[in-house]
Amino acid sequence: MTIQVNGNSPAIECQQVSVTMRKKNVLQDVTFTLEKGRIAGLLGPNGAGKSTLLKVCSGLLEPSVGAVKIFGEPAGIATLGKMSVLPDRGKLPGWLTSGEWLQYAESIYPDWDPEYAEQLIETLKLNLSLRISSLSRGEEARLQLLSCVARQSPLVILDEPFTGVDMISREQIASTVVADLADGERTFLIATHDIREMEPLFDTLILIDKGRIRATDDVDALRERGQSVESRYRDVFS
């Protein structure tokens with residue numbers, strides 16, 4: 001069952017968030033609101049600050065300036081139980097088999113959905129007998145994605161979920177896995193370069209470059225103007 005959140009607070013509120021690392025401004029005055037039930041694409045060039053922003057939203061990194069709220073609460077340890085996070089270049093314990101890892105995941109995540117996990121094993125074509133250390137990059141990426149989306153958390157944060165996944169698998173995941181989860185109850189914030197595969201799912205765009213928000217858009221409004229997500233991206237960043 002999906003963990004319920006009370007009230008009408010937005011899923012994510014970023015207010016004037018800045019992050020400085022080694023005297024470099026990685027994020028600068030980032031402000032946006034993501035309402036509950038939306039699927040937002042966080043798009044931008046390499047080095048735009050997407051991964052840093054996702055770490056701040058997940059509560060894993062404290063901003064230098066500003067504040068982030070998750071369902072009305074300050075982002076941090078207290079809000080981790082309301083989200084599932086797929087980090088960029090995360091690593092799973094290589095000494096376990098895929099099956100052993102999934103058994104462990106089920107034991108530590110109270111919102112784990114074992115029936116949906118079984119369905120995802122088939123959809124993503126995972127071999128549970130293989131040790132994680134022996135998996136290809138794409139196989140481990142699929143296992144990591146399953147570990148994230150098999151949970152029923154109200155907020156899902158995905159950082160480049162299709163890294164190392166071939167084109168056919170990306171299309172399959174986008175059209176089945178993520179679409180299945182888009183039930184209007186959960187909120188998604190997805191950083192990706194795979195715009196074409198994910199475009200049909202997005203209803204919100206957050207465009208970022210050089211640590212600053214360049215635009216936020218309602219995708220339906222873009223389409224009413226005759227624009228696609230890809231064309232809007234090109235307009236902003238060309």
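**Note on the predicted model**

1. F71 sits in the loop that connects β4 with β5 (73–74) (helices are DSSP runs of H or I with at least four residues, strands runs of E with at least two, both numbered from the N terminus). The phi of F71 is near 50°, a positive value in a residue other than glycine. F71 counts as buried because its relative accessibility is 7% (buried is under 20%, exposed over 50%, partly exposed in between; 1.4 Å probe, protein chains only).

2. This is a predicted model, in which local features require pLDDT of at least 70 and side-chain atom pairs pLDDT 80 or more, while totals for chains, interfaces and linings use all residues. Numbering starts from 1 along each chain as its sequence is written, and side-chain values use heavy atoms, without hydrogens or water.

3. A positive phi also occurs at Q16, where the angle is about 50° although the residue is not a glycine. Q16 belongs to strand β1, which covers residues 12–21. A further positive phi, near 85°, is found at G59, the residue that follows α1.

4. Helix α1 is largely enclosed by the rest of the structure, because 7 of its 9 residues are buried. The buried residues of α1 are K50, T52, L53, L54, V56, C57 and S58. L60 is placed in the loop between α1 (50–58) and β4 (65–70). In contrast to the buried residues of α1, L60 counts as exposed, with 59% relative accessibility.

5. The whole structure contains 10 salt bridges (a side-chain nitrogen of Lys or Arg within 4 Å of a carboxyl oxygen of Asp or Glu). One of them joins the side chains of K82 and E73, with an N to O distance of 2.2 Å. Within this pair K82 is buried, at a relative accessible area of 16%, whereas E73 is partly exposed, at 29%.

6. E140 and K91 form another salt bridge, their closest N and O atoms being 3.4 Å apart. E140 is part of helix α4 and K91 of the loop between β6 and α2 (98–108), so the pair ties together parts 49 residues apart in sequence. E140 is buried, with a relative accessible area of 9%; K91 counts as exposed, at 66% relative accessibility.

7. The salt bridge between R196 and E230 has its closest N and O atoms 3.1 Å apart. R196 lies in helix α6 (residues 195–198) and E230 in helix α8 (residues 229–237), so this contact ties together parts that are 34 residues apart in sequence. R196 counts as exposed, at 62% relative accessibility. Separately, R38, D203 and D218 are linked in a network of salt bridges.

8. The second largest pocket holds about 240 Å³ of space (an open set of 1 Å grid points where a 1.4 Å probe fits, with protein on both sides within 12 Å along at least five of seven lines; lining residues have an atom within 4 Å of a point; the volume is that of probe spheres set on the points, which are joined across faces, edges and corners). It is lined by 12 residues, of which V85, P87, L92, W101 and Y109 are the closest to its centre.

9. Which elements each supply at least two residues of this pocket's lining? They are β6 (83–86) and α4 (137–149). Helix α4 gives the largest share of the lining, 3 residues.
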